[in-house]
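Visitor: I'd like to learn how to read a helix and a couple of chain contacts. Could you walk me through them?

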Amino acid sequence: MRVTQGCFSFLPDLTDADIRTQVQYCIDKGWAVNIEFTDDPHPRNTYWEMWSLPAFDVKDAAPIMLELDACRKVHGGRKYIRLSGFDSTHGWESVRISFLVGRPQEEPGFILTRNEGGGQAIQYTLQARPLPGASA
Amino acid sequence: MAEPLTPVPAPGETAIDLHKELAETQVAEVLDELDRELVGLAPVKTRIREIAALLVVDRVRRRMGLTAETPTLHMSFTGNPGTGKTTVALRMAEILYKLGYIRRGHLVSVTRDDLVGQYIGHTAPKTKEVLKKAMGGVLFIDEAYYLYRPENERDYGQEAIEILLQVMENQRDDLVVIFAGYADRMDKFFRANPGFRSRIAHHIDFPDYTDAELMAIGEMMLKSLSYHFDAGGAAAFRDYIAARRKQPHFANARSIRNALDRMRMRQANRHFAHPGLVTLDDLTTITAEDVRASRVFNQDATKPD
Amino acid sequence: MNVLDKKSPPGGKRSRYAAGVMEYREMGYWQPDYEPKDTDILAVFRVTPQDGVDPIEAAAAVAGESSTATWTVVWTDRLTACEKYRAKCYRVDPVPNAPGSYFAFIAYDLDLFEPGSIANLSASIIGNVFGFKPLKALRLEDMRFPVAYVKTFQGPATGIVVERERLDKFGRPLLGATVKPKLGLSGRNYGRVVYEALKGGLDFTKDDENINSQPFMHWRDRFLYCMEAVAKAEAATGETKGTYLNVTAATMEDMYERADFAKQLGSVIVMIDLVVGYTAIQSMAKWARRNDVILHLHRAGHSTYTRQKAHGVSFRVIAKWMRLAGVDHIHAGTVVGKLEGDPNNVRGYYDICREDFNPVALEHGIFFDQHWASLNKLMPVASGGIHAGQMHQLIDLLGEDCVLQFGGGTIGHPMGIAAGATANRVALEAMIFARNAGRDLRAEGQQILEDAAKHCLPLRQALETWKDVTFNYTSTDTPDFVPTATPGF
């Protein structure tokens, strides 16, 4: 399966030149760009591991692309990697864009567990299947 | 490397009008502004024009497929304090941006303290942070030789130097570094760190200003603040420049600015000391009295004004 | 005798509290020198007096009838601080290019209103006066609420920021679709539509306004099958998905029961219709905040009073009331779709929903500065007759903080519902990508869609199917303004 989280998962995988355009968009908006990775793509898994601190005060996408390269060297093809742009403006103070820039070579998907309660009601539990070769 | 700003020429393009090429980049405007904004500095301005010409030609050559390499653009600006190095660096960033050699055109100005940390493990992130902020633009390192302290073999400056060298080589598309400082010390620094010397394409030497140039600078600064010298004031200021130059810590245009700040303060206090009304003329005029009260004129003075 | 034709009695001004009838303007409801206080609630009405009725007197009558006045002088006024409680009409301007109509600006003292009650607010402002005989027609155009009053309301239960955080969806409009046909599907069949649409790429599906609990599908069936569809779609995509379960019902008790069941099944969102009434809406907003469930409002019925320019209540006022009342989603127009929506007015509605401060913008129908005092932002929903081929226009006009609902534009896709959903999602992502990359959506939108369709067959099919569908009709409700200030009289 293909996890379709993030802004651009229905497009063909982004090239580095593509990613650069979106990173520059964030920088020009004054947002801090953050690189995160995880082996648990559950949609409620909010806190992916941060690769480094969010990049505040940069003017150009180059340093983020450098960090992304470094992150890929370690996790590329094995974990999910995403970029996000954080807006500290009052009233937002949250993520304004987020998109995947790396996936494991094989995406094992999720297990949906149905627990029958009383009557016809079902409690659903969603769990990501472990990624091959990934630990923690 | 940013995309060239002008469209790729039609196939078979054989003759190119370099002047038109220059006009399209609007670099000429930056050069003219540099002329207007900075008094004197003729050799510097000539060098900048030469570099700009080289870069325009290089751009055309790359477009025609004669070369593919990103040229090395790191520079060293040597000269005494107050000779216009920072101002020229700002304009240089603008020129490089307009020619498409850097993507953003901003200048990040730092000294040793911004790059070198206080404890082990502190320097690398600090240096990288600065480099990240400068990417897409120009990193201006003032008094760069302070990075190198051979007397202390465990100095963290060495770590910053190594990271700088690496980025200057590998990220030539992403930023241009300009080193600045006194000529003699810079020379020593480069001799001790040959890695820098080989990565620097352009050296520009900033001469001290002549007395006449400093006078012109002073008058320009006053004008921008809506002040002027009267005849006596101008004569006194000429004397001031000659005297100040002989004293320690002389810093060319910067000394002139500091002197003018003090003279404006004396002028203000002079008006308060004299009862009566002041006219518009009074408020805008710096007189001999304002200038000559400076300690620079006191032969025994050990400290500059 | 016509009250409003009455001239001042001969022999000079009579006493204010002498028994009998007197002109509203004489009773203190017309105060051209009055400077509205920061704490006043302000309203602007479009007043169309009956022939021969003086516009100032008509405007004063509106102020009077929407505050303390009755048709005759009452001595009991003198038992109150009546000066304070009287609404004051302080300005009357002719409506540009509309002879016989006037904008009347009226200030109401804050003490006239119960804190945090839309029911009380609306009963005061529109309770009685709209049937007043001396007026041919009357329309409430806009209102300004002081910060002190705004602060007495909860505001959107979740708000745009937390909704996005909860759904983990940022940087693009959310995509929805109303399940069609509106009526007749069984619960089991209904859930199939939900599953296909969500799996195909939509974020939300939606019950229609009149899907409640009918013989063909009782509400518990719908909820059970819909949540099975949602859970399966989440597992298939790794995304949080939602379906607006309509909990509109005959009584508040029924609504709470349905909402509680939706929450128990794990739904992130429930839905109500505007016709449940302001009190029920506020109750549900409080329920939604207590239970961490997003509250979607369908503006069912609003066009009966918002559409005609001369009479009723402008939708911008309803939008303001609903932001105060505390819903999280509100249908606010599409501009390009099948339902009424002048682009300038719609822009005004969207600003009311999403900004923390609305400056006066007569061209967008906004008559007053409005501070929202950090009340949550309300997600506008664009729904009705829109399709993937309009994606560039929709994003250009509406921005990214909205829900785009393609009902027919999803379910009517020739290759099925999931294909329709995918077409919409690909068009949306391609357009957002292109916009962020600096491309001009107005000029290049068509090209961007065609390029995206090269790697997406469903989008190619959608563009082909709906290429000629537009709804180019003149809007009935457009802002009336002249670029320079109109002199009062």
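Guide: Let's begin with a term: buried means under 20% relative accessible area. Keep in mind that this is a predicted model.

Visitor: Which residues of α3(B) are buried?

Guide: First the general idea. An α-helix has 3.6 residues a turn, so residues three or four places apart point the same way. Now the case here: the buried set in α3(B) is V44(B), K45(B), I48(B), I51(B), A52(B), L55(B), V56(B), D58(B), R59(B), V60(B) and R63(B).

Visitor: On to the interfaces. How many residues of chain C are in contact with chain A?

Guide: Contact means heavy atoms within 4.5 Å. By that rule, 41 residues of chain C touch 38 residues of chain A. The two chains bury about 3,200 Å² between them, with 57% of it on carbon and sulfur atoms. On the chain C side, F170(C), F433(C) and N436(C) lose the most area to chain A, together 20% of what that side buries.

Visitor: Which side chains meet in a salt bridge there?

Guide: The rule finds 1 salt bridge across the interface of chain C and chain A: E228(C) with R114(A), at 2.5 Å from N to O. There are also 15 residue pairs in polar contact between these chains, both residues at pLDDT 80 or more. α5 (159-167), α7 (219-237), α8 (252-264) and α15 (417-436) of chain C each supply at least two residues of the side that touches chain A. By class, that side has 15 nonpolar, 11 polar and 15 charged residues.

Visitor: How many salt bridges does the rule find between chain A and chain B?

Guide: For that interface the count is 4 salt bridges. One of the pairs is E67(A) with K132(B), whose closest N and O atoms are 2.7 Å apart. α2(A) gives the most to the side of chain A that touches chain B, with 4 residues. The contact itself takes 11 residues from chain A and 10 from chain B, and the chains bury about 910 Å² between them.

Terms used:
Residues are numbered from 1 along each chain as its sequence is written. Chains are lettered from A and ligands numbered from 1 in the order in which they are written. This is a predicted model: local features need pLDDT of at least 70, side-chain atom pairs count only at pLDDT 80 or more; totals for chains, interfaces and linings use all residues. Side-chain values use heavy atoms; hydrogens and water are left out. Buried area is the accessible area (1.4 Å probe) that two parts lose on being put together, summed over both. Buried means under 20% relative accessible area, exposed over 50%, partly exposed in between (1.4 Å probe, protein chains only). A polar contact is a pair of N or O atoms within 3.5 Å; within protein, one must be able to donate a hydrogen and the other to accept it, and residues adjacent in sequence count only if both atoms are side-chain atoms. Ala, Val, Leu, Ile, Met, Phe, Trp, Tyr, Cys and Pro count as nonpolar, Asp, Glu, Lys and Arg as charged, and the others, Gly among them, as polar.
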